[in-house]
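Before reading on, take a moment to look at the sequence together with the model, and then follow the text from strand to strand.

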Amino acid sequence: MKTVKKMITWLILPLMLLACEKGEPLLSIKWPQLVSTKRSVGSVFMLILNDGSGEDILVGCGLKGYPGVVCELHDIQGGRMKKVQKMVIRSNSELELKPGSKHLMLFGLPDDLPEKVTIVLQFQRSGEIEITAGVKRL
Ligand SMILES: [Cu+2]
């Protein structure tokens with residue numbers, strides 16, 4: 001009986017995973033904003049919507065026109081900010097980057113940032129997506 005259960009699991013699990021992966025992601029980004037509280041450091045918040053039937057993964061970011069600025073993916077885990085390698089956006093769902101939660105972090109910002117900047121998001125399946133974010137200095 002155990003063997004049968006195991007066999008069924010091994011047959012069904014890959015099929016379920018295939019079903020999840022077979023669709024295409026369809027991403028859109030809302031309300032991107034760069035907030036800088038300290039000189040040269042900023043956080044980026046936004047809402048990432050995936051209306052597609054397949055997941056996508058955010059794997060990197062950058063600030064267009066500023067090759068010296070480092071962009072990292074951050075998460076808060078156990079009250080501490082941590083660099084992470086990826087953020088998964090499941091099919092038909094959304095991921096909110098917000099204060100106290102997942103966000104992007106920019107290091108090495110110049111003093112004279114314009115009011116709006118272009119942030120480049122690198123997704124595993126959708127490729128690069130450029131968004132315009134307002135800059136807020138606190
Ligand atoms: Cu951070």
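How many bridges join β4 to β8? The two strands run antiparallel and are joined by 5 bridges, where strands are said to pair if DSSP finds at least two bridges between them. The strand labels follow DSSP runs numbered from the N terminus, with helices being runs of H or I of at least four residues and strands being runs of E of at least two. What you see is a predicted model, in which local features need pLDDT of at least 70 and side-chain atom pairs count only at pLDDT 80 or more, while totals for chains, interfaces and linings use all residues. Residues are numbered from 1 along each chain as its sequence is written.

With these conventions in hand, the chain as a whole can be described. Its secondary structure comes to 1 helix and 10 strands, and from the N terminus on the elements run α-β-β-β-β-β-β-β-β-β-β. Two residues are in contact if their C-beta atoms, placed from the backbone, lie within 7 Å. Among contacts between residues at least 6 apart in sequence, 68% join residues at least 24 apart. A residue is called buried if 20 or more other C-beta atoms lie within 10 Å of its own, exposed if 12 or fewer, and partly exposed in between, with the C-beta atoms placed from the backbone. Of the 138 residues of the chain, 19% count as buried.

If neighbours within four places in sequence are left aside, Leu104 is in contact with Ser43, Val44, Cys61, Cys71, Leu73, His74 and Leu97.

In soluble globular proteins, nonpolar side chains tend to be buried together. The largest core in this model has 20 residues, and those that touch the most other members are Val44, Leu58, Cys61, Leu104, Leu106 and Ile119. Two or more residues are given to this core by each of β2 (41-50), β3 (56-63), β4 (70-77), β6 (87-89), β8 (103-107) and β9 (116-123). The largest share, 4 residues, comes from β9.

In β9 the covered face holds Val117, Ile119, Leu121 and Phe123, whereas Lys116, Thr118, Val120 and Gln122 make up the uncovered one. β9 pairs with β3 in the antiparallel sense over 5 bridges, and Cys61 stands opposite Leu121 of β9 in this arrangement. β9 also pairs antiparallel with β10 (residues 127-137), over 8 bridges, with Ile131 in β10 as the bridge partner of Ile119. A hairpin of 3 residues joins β9 to β10.

Why does Leu121 count as buried? Leu121 is buried because 25 other C-beta atoms lie within 10 Å. Not counting residues up to four places away in sequence, Leu121 touches Leu58, Cys61, Glu128, Ile129 and Ile131. The C-alpha atoms of Leu121 and Cys71 are separated by 9.9 Å, although these residues are 50 apart along the chain.

Other residues give a contrasting picture. Lys83, which is found in strand β5 (residues 80-84), counts as exposed because it has 9 C-beta neighbours inside 10 Å. From C-alpha to C-alpha, Lys83 and Lys102 are 9.8 Å apart in space and 19 residues apart in sequence.

Trp31, in strand β1 (residues 27-38), has a positive phi near 50° in a residue other than glycine, and Trp31 counts as exposed because it has 12 C-beta neighbours inside 10 Å. Ser40 lies in the loop between β1 and β2, and its phi is positive too, at about 75°, although it is not a glycine. With 12 other C-beta atoms within 10 Å, Ser40 is exposed.

Notes:
A nonpolar core is a set of buried Ala, Val, Leu, Ile, Met, Phe, Trp, Tyr and Cys residues joined through C-beta atoms within 7 Å.
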